[in-house]
Amino acid sequence: MVKSGKQSESERLKKLKKKLQKLKKTALEFEASVESRIDSKSKKGKSVSPLAPKSFPELPVIRGVEFASGAAGVKYKGRTDVMLARLAPGTAIAGAFTKSSTRAASVLDCQAKLAGKQDLSQGAAIIVNSGNANAFTGRNGQDSVDKVTGGVASVLSIPRSRVFSSSTGVIGEPLPADRITAIIGDLGANLSEDGAAAAANAIMTTDTFPKGAKASFKAEGGTINIVGIAKGSGMIAPDMATMLVYIFTDAMVEPGLLQRLLSKQLETTFNAITVDSDTSTSDALILAATGKSEAEPITDMRSATARAFTKALGEVMTDLAHQVVKDGEGATKFVEVNVTGAASVQDAHRVAMAIANSPLVKTAIAGEDANWGRVVMAVGKSGAQADRDRLTIRFGDMILAENGWRAPSYDEAAASAYMKQDHLVLGVDLGLGKAKRTVWTCDLTHGYIDINADYRS
């Protein structure tokens, strides 16, 4: 008989296990943060982006998802470069991928698998390597994908059709698949529901910090959690920007509806960022819904829960998209481009991307030069409908140009002082309609050249 007020042995053990789990999670997050900074400082003298978040977020556990990370030596020795995520039976999967005509083998494989009917009675997995893109590698590319996904399928006892792979790094080099398959057994033995932070670190290439985001909301019957990790730094442009993104939720959503919910958020998140206007061979976004939340299933996009889920998913995707831009190769400034008053959404997007991708605009921002004439140039070259005499240009709250020429209130000193901030907002109103679009970019510095001039070495 246990005396009143005293804990039983089982209760003490349960409490200790919970405390140990929390300590393990903290240790993994700290390890991921430290490793990313060591890697970024040791490789070519590169330091962490000045725009980086102060710390990696504390991510909630998503029931039905476990992570493991390891060092396979894909490109660099002694560097964590492979991550594995195991997904419980019942998990629905949706995806979005690069539109490049030279897509990597892993992208083609994922697209083929998601085109078919998903067998939710089976578990699933995601395996990712950094250091090698497995792109433009001929038939060997698919052979390597088959080896890696087959290895995961064997270790985790799931069908290969439910294993999704991604590769990022150098294009045109054969993927050393045997190095990856050699550690899959260890990865399978070390899966942990607390491993998201370490997984975010494992998928980095030229990134200077691991990227994570989260959202939670109360739904009918329980709480729904969403967690995302990403990598991305260079070769960033729309058509799925250049990055790898993995988002996990415990919501219950059937695959078709999950895909619709994901696709709805793309244009204003990952297709609204650019670092250098280059579209990758390897972009992939995979969204996995385990269905392990106690909340009622999402079955109708018009329901209150579906609307809340769409909002929360959009927040996670926007957060990750912004982090990718803030880690743009050599970036020192985060730039928001707001275009309003366009005749159509398409025109608003054209103008916003013309500004965000202009080397002249981006180098002026890097040099803290309030050269609004370069914005005028970008509007004119965009191909969108524009009228000189209706155009208004703002930097922050300041109107620099309007009614066809420089604004009477223009203050060069104030504009120059504004350019010294690390978060800038460039506004353009075309004065032609009600359509608008916001995109995000960064400046273009010599650091971008330093990183990409010898990327293969």
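Visitor: Which residues in α3 do Ala105, Ser106, Asp109 and Lys113 in α2 meet?

Guide: This is a predicted model, where local features need pLDDT of at least 70, side-chain atom pairs count only at pLDDT 80 or more, and totals for chains, interfaces and linings use all residues. Residues are numbered from 1 along each chain as its sequence is written, and side-chain values use heavy atoms, leaving out hydrogens and water. Helices are DSSP runs (H or I, at least four residues), as are strands (E, at least two), numbered from the N terminus. With contact meaning heavy atoms within 4.5 Å, those α2 residues meet Gly141, Gln142, Val145 and Thr149.

Visitor: At what angle do the axes of α2 and α3 cross?

Guide: Look for α2 at residues 105–115 and α3 at residues 138–156. Their axes, lines fitted to C-alpha atoms over the stretch in contact, with angles from 0 to 180 degrees between N-to-C directions, come within 8 Å. They cross at roughly 65 degrees.

Visitor: Which residue in β5 is the bridge partner of Ser130?

Guide: Strand β4 covers residues 124–132 and pairs with β5 in the parallel sense over 8 bridges. In β5, Ser130 has as its bridge partner Thr168.

Key
Two strands pair if DSSP finds at least two bridges between them.
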